[in-house]
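Subject: Structure handover

Hello,

Here is the structure for you to look through. Please open it first, then read my notes below.

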Amino acid sequence: MEKLLVAAGIAAFTGVAFLGAVIFVPPVLTKPQLPDAGVAVSGSGKYVAQLSDCAACHTAPGGKPFAGGLHIESPMGTIIATNITPDAKSGIGGWTLDQFRAALLDGIGKGGQRLYPAMPYENYRKLGEADIVALYDYLMHQVPAVKTDLPETKLMFPFNQRWGMRLWNWVALSAPGFKPTAKDDELARGEYLVDGPGHCAACHSPRNLFMAQDGADSSSAGYLAGGQIDGWDAPGLRGPNSEIRDWTEADLKSYLLSGRNTHAGVGGEMALVVENSLQYLNAYDADAITRYLMSLNEGHVAASSEPNKAEEQTTKQLTEAINLSLGARLYLDNCSACHFVNGKGAPEVFPALDKASIVNADSSKGLLNTILYGAEMPSTATRPAKLRMPGFSHRLSDQEVAELATFLRQAWSNKAAPVAADEVKTLRDNHKGHQEASKH
């Protein structure tokens with residue numbers, strides 16, 4: 001009995017000591033990192049901010065640039081994006097370069113506050129020091145200071161205990177710095193932009209049991225194999241389910257710079273990425289990213305472009321308009337004028353629905369959200385016109401939206417699971433709740 005008490009006492013002391021170390025022992029911060037030879041720095045701080053897509057998260061709809069306030073939904077609750085303008089009190093005006101680097105690379109804010117990984121410091125750990133210094137200088141000296149009074153992020157227990165992020169960081173974070181695996185300087189530059197400032201893996205790689213990226217770089221099999229963000233499927237960019245496996249380099253470059261090509265048009269979070277970040281790529285970097293991503297799909301077997309029997313059957317049924325299901329009738333009434341009876345749409349204008357990743361995704365949320373509330377392809381330098389699909393939430397019932405979505409997911413060559421009306425109702429209710437919350 002005495003030995004058990006001693007063992008229990010030792011275990012309790014060890015646990016308390018460990019917990020105290022986690023909470024109170026200062027972290028070891030990452031030192032300045034330099035990219036390996038062959039990876040050029042990005043240049044101006046404004047360009048680094050564009051490459052890193054800072055504005056997409058740190059600018060609220062209708063708000064001042066970089067002043068924060070955007071509500072970011074997560075499984076643990078709503079995260080409020082912070083003000084990163086140089087305001088001394090509500091922004092980062094009092095931060096030193098070392099404190100700024102710690103936030104980008106280690107997820108540690110001024111005063112030691114742990115940041116949530118909605119801030120993609122898992123990926124920014126690959127940023128080179130020259131780009132960090134340039135970004136710091138831009139935010140501190142070229143962005144206007146904005147005073148704000150933003151609500152605090154309040155997540156459910158235990159996620160509101162920020163000290164717990166130290167444990168998560170031990171599990172999730174890889175070694176800092178960037179080491180290219182690509183074959184030449186242009187490919188290495190593309191790899192750096194994809195893995196570091198572009199933080200593509202934050203959305204396009206799956207998450208593991210600890211909600212860390214299962215593939216922040218090419219050392220992992222899950223790298224860019226597809227993921228989810230707020231219920232939307234982010235398609236794979238490599239592997240058997242790669243969205244771009246049948247694309248040409250011209251297709252991919254057009255998508256990056258304008259958000260549209262022969263096969264697809266951007267929607268959801270990717271529309272913000274194109275609008276705030278990718279459209280500003282210089283010619284060399286656009287080619288570097290394109291070449292690098294295409295190199296990840298070398299050796300794939302391209303799918304046949306010839307129509308199969310299933311595609312021909314759906315097209316024939318819609319053309320003849322005989323014995324139509326409710327979903328097929330709703331498609332003819334609301335969708336076929338733009339996407340046509342063959343589901344192919346019009347290149348760079350109306351996205352194809354046949355074989356579309358948003359239609360065939362495991363999660364139907366992206367498709368349902370688009371049917372209900374529409375979508376808009378952004379205005380860019382190469383495609384200045386904004387193209388908007390209207391939403392149908394005001395004219396279609398939950399059951400009708402479910403029938404239409406089910407038809408799309410099983411029409412032509414699509415082979416995805418049906419959608420229930422309850423899924424539509426849940427999405428409507430959540431959308432209404434988010435709108436009401438954003439007013440307060």
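**What was found**

At 31% relative accessibility, Glu376 counts as partly exposed. That label follows a rule: buried means under 20% relative accessible area, exposed means over 50%, and partly exposed lies in between (1.4 Å probe, protein chains only).

Before going on, note that this is a predicted model: local features need pLDDT of at least 70, side-chain atom pairs count only at pLDDT 80 or more, and totals for chains, interfaces and linings use all residues. Residues are numbered from 1 along each chain as its sequence is written, and side-chain values use heavy atoms, with hydrogens and water left out.

**Salt bridges**

Side chains of opposite charge can pair when their charged atoms come close. Here a salt bridge is a side-chain nitrogen of Lys or Arg within 4 Å of a carboxyl oxygen of Asp or Glu. How many salt bridges does the structure hold? There are 19.

Start with Glu376 again. Its side chain meets that of Lys386 in a salt bridge, at 3.6 Å from N to O. Glu376 sits in strand β5, while Lys386 is in the loop between β5 (375-377) and β6 (387-389), so the pair ties together parts that are 10 residues apart in sequence. Lys386 is partly exposed too, with a relative accessible area of 45%. Helices (H or I, at least four residues) and strands (E, at least two) are DSSP runs, numbered from the N terminus.

Next, look at Glu311 and Lys344. Their closest N and O atoms are 3.2 Å apart, in a salt bridge. Glu311 belongs to helix α13 (residues 309-320) and Lys344 to the loop between α15 (336-339) and α16 (357-360), so this pair ties together parts that are 33 residues apart in sequence. Glu311 is buried, at 5% relative accessible area. Lys344 is partly exposed, at 33%. Salt bridges also link Glu311 and Lys344 with Asp354 and Lys355 in a network.

Now find Glu129 and Arg101. Their salt bridge has its closest N and O atoms 2.8 Å apart. Glu129 is in helix α6 (residues 129-141) and Arg101 is in helix α4 (residues 97-106), so the pair ties together parts that are 28 residues apart in sequence. Are these two buried or exposed? Both Glu129 and Arg101 are buried.

**A strand pair**

Two strands pair if DSSP finds at least two bridges between them. Strands β1 (residues 71-74) and β2 (residues 77-80) pair in the antiparallel sense, over four bridges. A hairpin of two residues joins β1 to β2. Opposite His71 stands Ile80, in β2.

**Aromatic pairs**

A pair of aromatic rings is described by the distance of the centres and the angle of the planes. Rings of Phe, Tyr and Trp (its six-membered ring) pair if their centres lie within 6.5 Å; planes under 30 degrees apart count as stacked, over 60 as edge-to-face and the rest as tilted. The count comes to eight aromatic pairs.

In one of them, the rings of Phe66 and Tyr138 have centres 6.2 Å apart and planes at 85°, so the pair is edge-to-face. Phe66 lies in the loop between α3 (54-58) and β1, and Tyr138 in helix α6, so parts that are 72 residues apart in sequence are tied together. Phe66 is buried, at 9% relative accessible area. Tyr138 is buried as well, at 11%.

Finally, Tyr331, Phe407 and Trp412 form one aromatic cluster.

Best wishes
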